[in-house]
Amino acid sequence: MSVADDDDPKFAEYAHPERLVSTAWLADNLGKPGLVVVESDEDVLLYETGHIPGAVKVDWHTDLNDQVARDYVDGADFAALMRSKGIARDDTVVIYGDKNNWWAAYALWVFTLFGHADVRLLDGGRMAWIAEGRPITTETEQRPATDYPVVQRDDAPIRAFKDQVLGHLGRPLVDVRSPQEYTGERTHMPDYPEEGALRGGHIPGALSVPWARAAAEDGRFKTRAELDAIYREEKGLSPDDDIIAYCRIGERSSHTWFVLTHLLGFTAVRNYDGSWTEWGNAVRVPIAKGDQPG
Amino acid sequence: MTLLGLPAQFADVVEEFTALSEPDRLQLLLEYSRGLPPLPDWLAEHRDRMEPVPECQAPVFLAVEVAGDRVAVHFDAPMESPTTRGFAGVLSEGLNGLSVAEVLAVPDDVPLRLGLDRAVSPLRLRGMVAMLARIKRQVRERSQGAAGPPG
């Protein structure tokens, strides 16, 4: 069962308004049958410090990544996760999290790999909810288990692998990392862990659009007009372009994937989750240095 | 030293974690996060005397004092980063008051012995390994040269 869309006028400007809900909408709809709220954060303990009442936690490291191979969980593991969290295949899932919904967007992208139809983001994420003084609780939600089906992951439409990126050179690529990572001055984010890339720089031809440019000061998404000005006017991307986005491990670029796909209506955007930790370590792949796409 | 090769006070912390179920270990880490002692005044006014730990996901700073033969460790980590604060709380409880030799003998992999691999993930635990390595390096430097507050 799914829940009615948010008719917030800001969202009506976006290509797919049904992919966002506002904090007010969520407050009004909490507890409705068919709605499951999921918190997904960078910090694995943040949920335990207090979360939206009724929300369940999904952690990108421990729940969504395969624990052996560098890959996502398979259909059986995803079904087991959904069953244990009390999420049904036809539920409306609203995901929110810290850091401008960075990890929430990542979780949404993984849900999409498994074709979960109705999955949305809370505009503004955890920060907006708390800033508005809305209720939080430390009660851990234990929803009744569901019979979520085992669905084969379908990577092809929204996920790109290294060989596909090599074959894509010359077509649009979006590098969403910090400017220092793009130029090759450094191989990891300022203030973040060094995750071991041997070479710095970017994939030749990639445009630099740091992911957080899509977020406004309050952590909500910028308006349609502001986003069009960045991605279409400034960077010259078109909605029917075949685009691959990447970052360091594919998390920040899933945020940009969400913006291009659901807010601007681009039809062929893939996320290269191998990203710089794969490309910057791969043998004999081309690399461009400096602030030009190359 | 105990069977774990750890000073008794650190072994107690490890045993406290491993005796619990995995979800309860996460709650215990949260308690350590809440119990992290505040900075002493002389550091609170001089954050520039603290060393950043870039290996952690969240901004965290540490400072080490060696007075006589005793080690004191201080941490500064934001409330909105409870995992990193929890790591700091564990190290604070496990290391504060030990002798220089005891701190230097703490095995580098002790963060991986807390039974948090599955609940927290090995990648995140690397941040705690890095904090311990930086503390031990500072203890080594400060116990060789003149003891005193970091400057």
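I started with helix 5 (residues 75–85) of chain A and listed its buried residues: Gly75(A), Phe78(A), Ala79(A), Leu81(A), Met82(A) and Lys85(A). I kept in mind that this is a predicted model.

Which side of the helix do they take? They span an arc of only 160° around the axis, so they sit on the same side of helix 5 of chain A.

I found an open sheet of 5 strands in chain A, in the order 1-5-4-2-3, with parallel pairing. Strand 1 (20–21) and strand 3 of chain A are at the edges with a single partner strand each, so one side of each has no neighbour in the sheet. Strand 2 (residues 35–39) and strand 4 (residues 92–96) of chain A pair in parallel over 5 bridges, and I noted Val38(A) opposite Ile95(A) in strand 4 of chain A.

Helix 6 of chain A lies across strand 4 and strand 5 (119–122) of chain A, at about 175° to strand 5 of chain A.

Last, the cores. In the largest nonpolar core, of 56 residues, Ile95(A), Leu121(A) and Tyr231(A) touch the most other members. Helix 6 (residues 102–113) of chain A contributes the most to this core, with 11 residues. Apart from it I found another core of 45 residues, including Val14(B) and Phe17(B).

Conventions: Residues numbered from 1 in each chain as written. Chains lettered and ligands numbered in written order. Predicted model: local features only at pLDDT ≥ 70, side-chain atom pairs only at ≥ 80, totals over all residues. Heavy atoms only, no water. Core = buried A, V, L, I, M, F, W, Y, C linked by side-chain atoms within 4.5 Å. Buried < 20%, exposed > 50% of the residue type's maximum accessible area, 1.4 Å probe, protein only. Helix = DSSP H or I, 4+ residues; strand = E, 2+ residues; numbered from the N terminus. Arc of directions from axis to C-beta. Pairing = 2+ DSSP bridges. Contact = heavy atoms within 4.5 Å. Axes fitted to C-alpha atoms, helices over the stretch in contact; angles between N-to-C directions.
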